[in-house]
Amino acid sequence: MLVFTNRELARKTTPSAFTTRYRPAAETLGFAQLSKSGCDSWQVGDLHVDASEADAIVALMDIFAGSRPVLVYLHGNNNTPASCFERCALFDAIFDVEVVGFSWPSEGCLPDGSLGVGTTLESVGDQDNLAFVIPQNRTSGGIQDIVRRYHQSQVNARNSIDALARFLRLVGAACLDAGHQPYSLAVHSLGNFFLQNTLAIAGVDESLGEATNVALLAPCADAAGHRQWLGKIACAGQVFVTFNTADTVLAGARIADNGQPKLGAGPGTDLLETPSTRYIDFTGSSTDLLGHNYFVNGAMTGQKKKVLKRIFSSQRDIQGREIARDIYPVGCDERQLTCLMAVPRGMTEADGGG
């Protein structure tokens, strides 16, 4: 499994090779090949600390020359390198895709890798800990530790846009040069805030033009005005936005951001209506406890797995003579813009779209 990063890399063979340090506003990229060395441990090999364009393209072209479609994965808030590797492995196992990950300094440390004032090691690497943030405890010490880390992760994302822009350009170039396997981009949670900011860099939209599908999964980005930056994603296939109104992690992020509604908890009414845009409502269908990781849950239903496999494998979600209900359990609205994975509260299945 190939993983790129803008973290500083140490010459080690364990996940600690991916440090919490990074250079703000730098284009520097490194990469490594990851393999499982045991049930819960990873082996880091073929480490490139400061990768040249040529070395990066060669490594990526090897992936695109393989037998499976490629999925590029950008993770969200407070993911250690090891948790990024595990998520990439899950995508591989569930959806049978070749995964290229991008690990970024999302644990909320300062650029030099140190802890900020008032933060501790307790909440490092728990991507779902924002679910503990509620109005009643938001000013308490432990919760403020979580909030401070989350806000520093936002700063780190803004400071890493140059590296992500370069990575997306290299992926697009390798896909075009290889001319064999297509690729799609899956972006989770705060990774969408990262992508949103990266889209401000000239040429990123053109780089994404080589992607077939772009899936924004439980996006931790502002719901208001999202159509402006979403409209910059001009991929070759479709753009998907998944949301779940019962997402407790995004509920905590909303509180941490002073009441800012999150796109992954509901896009609102000002939607981007284009032939290639699809909003997918997972409310009521989520099988993970906090409602934030429903797209890689092993207990997902046949239809849920079917549509996600198509999205991640660079296929159209609705194909040939299929109607919406062949793929989405409750169909789609009349515009085929929003599709439902479960019957909303207060609505009968007969009310669903076709």
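I take two strands as paired if DSSP finds at least two bridges between them, and I read helices (H or I, at least four residues) and strands (E, at least two) as DSSP runs, numbered from the N terminus.

**Model and confidence.** I note that this is a predicted model, in which local features need pLDDT of at least 70 and side-chain atom pairs count only at pLDDT 80 or more, while totals for chains, interfaces and linings use all residues. Residues are numbered from 1 along each chain as its sequence is written, and side-chain values use heavy atoms, with hydrogens and water left out. I looked up pLDDT, the predictor's confidence in each residue, from 0 to 100, and found that the protein chain averages 93, with 95% of the residues scoring at least 70. Over residues 348–354 the pLDDT is below 50, although this stretch has 16 contacts (heavy atoms within 4.5 Å) in the model beyond near neighbours in sequence. Where pLDDT is low, the predicted coordinates should not be read in detail.

**The sheet.** I traced an open sheet of 10 strands with mixed pairing, in the order E5-E4-E1-E7-E6-E8-E9-E10-E11-E12. Its edge strands, each pairing on one side only, are E5 (42–48) and E12 (338–340). On average, neighbouring strands of this sheet are turned by 25° against each other, direction ignored. For such angles, axes are lines fitted to C-alpha atoms, for helices over the stretch in contact, and angles run from 0 to 180 degrees between N-to-C directions.

I then followed E4 (residues 30–36), which runs antiparallel to E5 and is joined to it by 5 bridges, with Gln 33 standing opposite Gly 45 in E5. E1 and E4 also run antiparallel, joined by 4 bridges, and here Thr 5 has Gly 30 in E4 as its bridge partner.

**Helices H4 and H5.** I checked H4 (residues 161–178) against H5 (residues 191–198), whose axes come within 9 Å and cross at roughly 85°. The two helices are therefore roughly perpendicular to each other, a term that covers 65 to 115 degrees. In their contact, Ile 161, Leu 164, Ala 165 and Leu 168 of H4 meet Phe 194, Leu 195, Asn 197 and Thr 198 of H5.

**Helix H9.** After H9 comes Ser 314, whose phi is positive, near 65°.

How values were computed
Parallel < 35°, antiparallel > 145°, perpendicular 65-115°, else oblique.
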